[in-house]
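Welcome! Here is a short briefing to read alongside the structure, grouped by topic so that you can look up each part as you go.

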Amino acid sequence: MFACIFIPDFSVQAIVRFEPELRTRAVAVLGGRPPLEKVVALNEKARQSGVEIGATKPQLEAWENLELRTRSESQELSAQAALLDCTHSFSPEVENTSPGTALLNLAGLASLLGPLPKIAGDLSQRVSQLGLEANIAVAANPDAALLAARGFSGVTLIPEGRETELLGDLPVDVLLESFSSDADEAARWVETFDRWGIRKVRSLATLPEIPVSERLGQQGIRLQKLARGAARRNLRVWEPQSIFAESVELEYSIVLLEPLAFLLNRMLEQLCARLRDRALAVQELNLELQLATEQVNDCASFDETPTRAFAGQSARKFTRSICLPIPMLDAKVFLKLLQLDLQAHPPGAPIVKIDLSAKPAPPRALQSGLFQPVFPEPEKLELTLARIAGIVGGGRVGSVELLDTHREGAFAMRHFAPVEPAVEERAARRKVKPSENRNKDKEVMAIHENDSACKSGGKFAKNTKINGEEKMSAVIALRLFRPPLMASVTVREAKPVQLRCFEREDVTGEIVWTAGPWRSSGDWAEQEGWSREEWDIAVPSDDEQLALYRLVQDRLTGKWFVEGMYD
Amino acid sequence: MSASAIFSPAAPGRPFIFSPPSSAFSQRSNVAMVTAKSSAKSTKNTAQILAHVGASPRLAAVVPASRLEVHPAPAMVSSGIPQLDSLTGGLARGCLTEICGAASSGRTSILLFALARATERGEVCALVDASDAFDPASAAAAGMEMNRLLWVRCGEKYPSRKPPSSVRKARSGELSGDKNRWFNAEGRRWEAHLVQMLKVTDLLLQSNGFGMIALDLSDVPVASARRIPLASWFRFRRAVEHTSTVLLVLERQPIAGSCSSALIKVATARSHVAGEKLSAISCQPSAHPPMHAELSHTELLDGFEITAELLRSRLGRKPAQSTRASFRSRAAWAG
């Protein structure tokens, strides 16, 4: 058995999908180049109010409550992609018949999904969750299902052998629209059949075959078979794409972030629903906004004061990407991340089009242990990091990576993405072969007995044996001044003896102890070469204690800085 | 003592009947009916109730919760320094711990060591740096696993390269009569940092999952730090309660008041320099030139002795006495 999903007024539904408030109103979609736009699609309410296909924009001004929208091919493509993803979650054999139409093979699905009426009902429900209203028809062959879906609204089931009986009352126009290659050919056939008095599908189906073949040729025989519901063919299987994108073209530009968030929410829900149907999650979100910008009139005369006229609007693009540390599938989290990102980096111009795409990835499958240390939830952590970035700035929160250079204090801020201990253990187990495990364990144990070295690659705190006792000793830390404090230093006998810091009065006084200098330099071939001389000094502080500082002289400029304090 | 009906104003309509211990009825039930009474007799009823409670041996044996023998003790984690652990029992999870001390007293060394040990245990830690003073090289030397430490640098969102105008004026000597204004500007700057610190800490505590959250207020002037409302500390304490997060605050002087569960003061003892005491290098300003040739760098910074004093602890049954422990820190390049 085969099922057909047909979305009537597909161009209208693709637009109304993100504006559900238009469902209860008359909507007409205009196509063509302005100012010669004409109606190319309309919904039932517009049809009932007397609007016709082909009406021009000036003619439509007579209707007061008619909503006009411009046809959007990108929205139609994303609606079609959503429809195909939805059908693919039911059956692996799906045919992308035409925009707004999809066929699927239901063979063998009864044991998985239930009886055919249930499958058809579930299909209808899932399609409505995409924001589309569809006709569903189930029949023994694809073309009969297609004809039934186009002819009957709602869910239709045609048992095998009763195709002629149940499809016979349909107008022959429906048959020709379903299977003609273009509208002009369909119109010719309609005219021909009308002259012959053939207005119903049953009339065509009951004609004798030989006269039909003589008068209408092979095409006529084919149409007769379709009218009888006897045509047999295989589906042209559609290969699922890995592109998940949604697009909305706006009639009026958006200036505020709140209405933008409203639209983004709907787009994200649709994207997540499609990914969920394919058992995938989001690894990266890409947002592309087309912005409206004013344009200087190119046809301005060569006067002294060129006029600035809004002759047209050119669009420029504003893109933002959000890379997630692990694949996620939560529309609310994505919306919050996008909101926080746009608040920190606003577009700066009105928005006329929104394109949102997601890079798919297999979802995370991880079983944590009972005795694992506490770990923040990745979704919550991402939101927290985004909020903190909004408070302190994007580049001032994250993890630190020391750079492989001799330049003092060289580091880079990275996005904070800790790996869960369970994942690390699994990765470590995969790297070590089973036969080497025993010896490796012994080596690790030996290391920990004698020396508690860390694996970070940096210098480490060691257990020291002093006077026969093993003591763990902390490593003295340096607190940096950012930026380094400019200082005035009195030098005597090539050693600093007096320090005065302009920005900090407590970092001023006689230098009671010095050690150094340590000289270093680097990047001589680069433009940012450096050369410095370091001293460790002790200066009395206010509370009669000694404060230890690192004093640095830039040998290229001769200036002195207090770089940090030992604490 | 005979059973009698006592009318409780708190439960109008039914009398409390407290049965004597010897009666079989009292062994089965503790509460009986209460009947309604007018408000004119409420005062008299209250006095009767209190007298009866005091006289009843069973009710007098009820112990208030604050005096229960067994408190659920917080889990303790090692700070990585055995001497400090023996002094305090470690760092308590779900509690706020303060470490205060003067400049170069060893606070930051303790902080980095505690964070390093936490990251080695596989925990995710956060450092809220109010003065942007964190040194990644020192952290790596302490054994920190950098990919597990979240560093939040409070300060200007987009720091300009030019120093503030007040500093430029100070350098050029224009600010001699304008120091009050400069200090006010500095105070406002620190307040902005502290506002960021408070917001970030709230977010981190709400997100959960961190093994240790450290607030570094070491460089914040005491006057500015004391302006943090006590309600904020109370809020942090409530947020971290019943979680497994260690909340550590580094400061110059105690500022969290009774909200902290433990208060540790650190100071440097005079470093032992191979027989040459640091007293020879007097803490008081001296007119004599320092004895550079007699003291080496490693002799001062290697063997840097830190003294920790537990000033207050709410974690033990007995009130904390002032106890001390000493340990040494080493320079990263030594050994």
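## A first look

This is a predicted model, and chain A has an average pLDDT of 82, with 87% of its residues scoring at least 70. Chain A holds 17 helices and 24 strands, while chain B holds eleven helices and 14 strands.

- Within chain A, confidence is highest in strand 13 (residues 397–402), at a mean of 94, and lowest in helix 17 (residues 437–450), at 38.
- Residues 295–313 of chain A keep a pLDDT under 50, and the model gives this stretch 15 contacts beyond four places in sequence.
- Residues 435–472 of chain A also stay under 50 in pLDDT, with 37 contacts beyond four places in sequence.

**The two chains in numbers**

- Chain A has 567 residues, and 33% of them are buried.
- Chain B has 335 residues, of which 41% count as buried.
- Among the contacts in chain A with a separation of 6 or more, 59% join residues 24 or more positions apart.
- For chain B, the share of such contacts that join residues 24 or more positions apart is 70%.

**Domains of chain A**

- The domain assignment divides chain A into domain 1 (2–75 + 87–228) and domain 2 (478–566).
- Taken over C-alpha atoms, the centres of domain 1 and domain 2 of chain A are 81 Å apart.

**Nonpolar cores**

- The largest nonpolar core has 141 residues, and the members that touch the most others are B:Leu115, B:Leu127, B:Val128, B:Val152, B:Met212, B:Ala214 and B:Leu248.
- B:Val152 has contacts in both chains: leaving aside neighbours within four places in sequence, B:Val152 meets A:Ile388, A:Val392 and A:Val397, along with B:Ala126, B:Leu127, B:Val128, B:Asp129 and B:Val200.
- There is also a second, separate core of 65 residues, with A:Ala79, A:Leu84, A:Phe193 and A:Val201 among them.

**Helix 9 of chain A**

- Helix 9 (residues 172–179) of chain A has these buried residues: A:Val172, A:Leu175, A:Leu176, A:Ser178 and A:Phe179.
- Looking down the axis of helix 9 of chain A, the buried residues fall within an arc of 160 degrees, so they line one face of the helix.

**A seven-stranded sheet in chain A**

- Seven strands of chain A make an open sheet in the order 20-19-18-24-23-22-21, with antiparallel pairing.
- At the edges are strand 20 (509–510) and strand 21 (513–522) of chain A, each of which pairs on one side only.
- Nine bridges connect strand 22 (residues 530–540) and strand 23 (residues 546–554) of chain A in the antiparallel sense.
- A:Ile537 has A:Tyr549, in strand 23 of chain A, as its bridge partner.
- Strand 24 (residues 560–566) of chain A contains A:Met565.
- A:Met565 counts as buried because it has 25 C-beta neighbours inside 10 Å.
- Not counting residues up to four places away in sequence, A:Met565 touches A:Arg479, A:Ala547, A:Leu548 and A:Tyr549, as well as B:Ala103 and B:Ser104.
- A:Met565 and A:Ala477 lie 88 residues apart in sequence, yet their C-alpha atoms are 8.5 Å apart in space.

**A hairpin in chain A**

- Strand 5 (residues 94–98) and strand 6 (residues 101–105) of chain A run antiparallel and are joined by three bridges.
- A:Ser98 stands opposite A:Thr101, which belongs to strand 6 of chain A.
- Two residues sit between strand 5 and strand 6 of chain A in this hairpin, and A:Gly100 in the turn has a positive phi of about 90 degrees.

**A closer look at A:Ala245**

- A:Ala245 has its place in strand 9 (residues 244–254) of chain A.
- Is A:Ala245 buried or partly exposed? A:Ala245 counts as partly exposed because it has 18 C-beta neighbours inside 10 Å.
- Beyond residues up to four places away in sequence, A:Ala245 touches A:Ser78, A:Asp355, A:Leu356 and A:Ser357.
- A:Ala245 and A:Thr87 are 158 residues apart along the chain, and 17 Å separate their C-alpha atoms.

Notes. Residues numbered from 1 in each chain as written. Chains lettered and ligands numbered in written order. Predicted model: local features only at pLDDT ≥ 70, side-chain atom pairs only at ≥ 80, totals over all residues. Core = buried A, V, L, I, M, F, W, Y, C linked by C-beta atoms within 7 Å. Buried ≥ 20, exposed ≤ 12 C-beta atoms within 10 Å, placed from the backbone. Contact = placed C-beta atoms within 7 Å. Pairing = 2+ DSSP bridges. Helix = DSSP H or I, 4+ residues; strand = E, 2+ residues; numbered from the N terminus. Arc of directions from axis to C-beta. pLDDT = per-residue confidence, 0-100. Domains from an automatic or database assignment.
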